[in-house]
Amino acid sequence: MPGATSNLWILFVKKPPIEEAMKINQDTLLQGHLATLVPYSPEHVPRYHEWMKSEELQRLTASEPLTLEQEFEMQRSWRDDNDKCTFIVLDGKKWSDTACADEDCMVGDVNLFLTNPEDPTLGEIEVMIAAVFILLNVRSSFLSRFYLPTLLESSYRGKGFGKEATLLMLRYGVTSLGISKFEAKIGQENVASIALFQKLRFQEVSVSSVFQEVTFRLIMTAQEQQWLLGQTDYVLEKSYSETQRLTSVN
């Protein structure tokens, strides 16, 4: 329709070569209101490994348990492979206010996969927000001479971290990786993730009874780009290594 898009605009991206695209975030930090995204580094692996021992997370992410060494191998593949991009999600306020180590501020991760070699503009996105457990020593009233280790859950779920981390990754995919179509494959029982992606304007495109998952898709039309960039116009992109250096100096 003539003039139908006169009030819209399209973001043109200078797309990096495919062999560089998924390595471009190795020194990238994305800072939002709640979440700060940083590259997945070896120091993050032990905490991530502890998370993934959770049967609930294995079920929700369709993951198999790995040894610590296998987790380090996975981290190296995320760093080196051309078809993957990942960020660790940090509690941004805790990380900036207390200058705590990354691993003490971790709340989850967000990932992009290039799943179709013939269409590098298609990316599959996934986000995981973990439940953080705090180990306390609690005296038992029945065994007064002993202290029993007790795990208390301090969950970051349902507090906006997953939504913001996903928005930040969508923005990064569009502006830095040239992604124009996003897919999310979610287990049918994962109602929280389904609700999240529906809120982010993803549309259901298929259901697999075999894999018990639903596929959602978001096409980045000019109107969707305008919406996305409007939702994330506050995001700051910085050098991760420089930010770490300045933090250590202060």
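# Loops, cores and charged pairs

Gln212 lies in the loop between β9 and β10; helices (H or I, at least four residues) and strands (E, at least two) are DSSP runs, numbered from the N terminus. The model is predicted: local features need pLDDT of at least 70 and side-chain atom pairs count only at pLDDT 80 or more, while totals for chains, interfaces and linings use all residues. Residues are numbered from 1 along each chain as its sequence is written, and side-chain values use heavy atoms, with hydrogens and water left out.

Gln212 has a phi near 55 degrees, which is a positive value in a residue other than glycine. With a relative accessible area of 53%, Gln212 is exposed; exposed means over 50% relative accessible area, buried under 20%, and partly exposed in between (1.4 Å probe, protein chains only).

Arg201 also has a positive phi, near 75 degrees, and is a residue other than glycine. The loop that holds Arg201 runs between α8 (191–199) and β9 (203–208). The relative accessible area of Arg201 is 28%, so Arg201 is partly exposed.

## Glu164

Glu164 is buried yet has no salt bridge. A salt bridge is a side-chain nitrogen of Lys or Arg within 4 Å of a carboxyl oxygen of Asp or Glu. The nearest side chain of opposite charge to Glu164 is that of Lys163, 9.4 Å away; here Lys and Arg count as positive and Asp and Glu as negative, and His and the chain ends are not counted.

Glu164 does have polar partners. Its side chain and that of Tyr234 are joined by a polar contact of 2.6 Å. The term stands for a pair of N or O atoms within 3.5 Å; within protein, one must be able to donate a hydrogen and the other to accept it, and residues adjacent in sequence count only if both atoms are side-chain atoms. A polar atom of the Glu164 side chain also lies 2.6 Å from the backbone nitrogen of Ala35.

A nonpolar core is a set of buried Ala, Val, Leu, Ile, Met, Phe, Trp, Tyr and Cys residues joined through side-chain atoms within 4.5 Å. The largest such core has 39 residues, of which Leu37, Phe87, Val110, Ile125, Phe182, Phe197 and Phe202 touch the most other members. Helix α7 supplies the largest share of this core, nine residues. Another core, of 19 residues, lies apart from it, with Leu29, Tyr48, Trp51 and Trp95 among its members.

Phe197 is in contact with Ile125, Val127, Thr166, Ala184, Ile186 and Phe202, leaving aside its neighbours within four places in sequence.

In helix α9 (residues 222–231), the buried residues are Ala222, Glu224, Gln225, Trp227, Leu228 and Leu229. The elements that cover them include α7 and β10 (213–219).

Leu114 belongs to strand β4, residues 106–114. Leu114 counts as buried because its relative accessibility is 14%. Asn82 is 32 residues away from Leu114 in sequence, and the two are 8.4 Å apart in space, C-alpha to C-alpha.

## Salt bridges

By the salt-bridge rule given above, the count comes to ten.

| Pair | N to O distance |
|---|---|
| Asp81 and Lys84 | 2.7 Å |
| Asp97 and Lys93 | 2.8 Å |
| Glu183 and Arg217 | 2.2 Å |

Asp97 and Lys93 are four residues apart in helix α5 (residues 92–98), so about one helical turn separates them. Lys93 counts as exposed, at 56% relative accessibility.

Glu183 is buried, with a relative accessible area of 11%, whereas Arg217 is partly exposed at 29%.

Notes:
Contact means heavy atoms within 4.5 Å.
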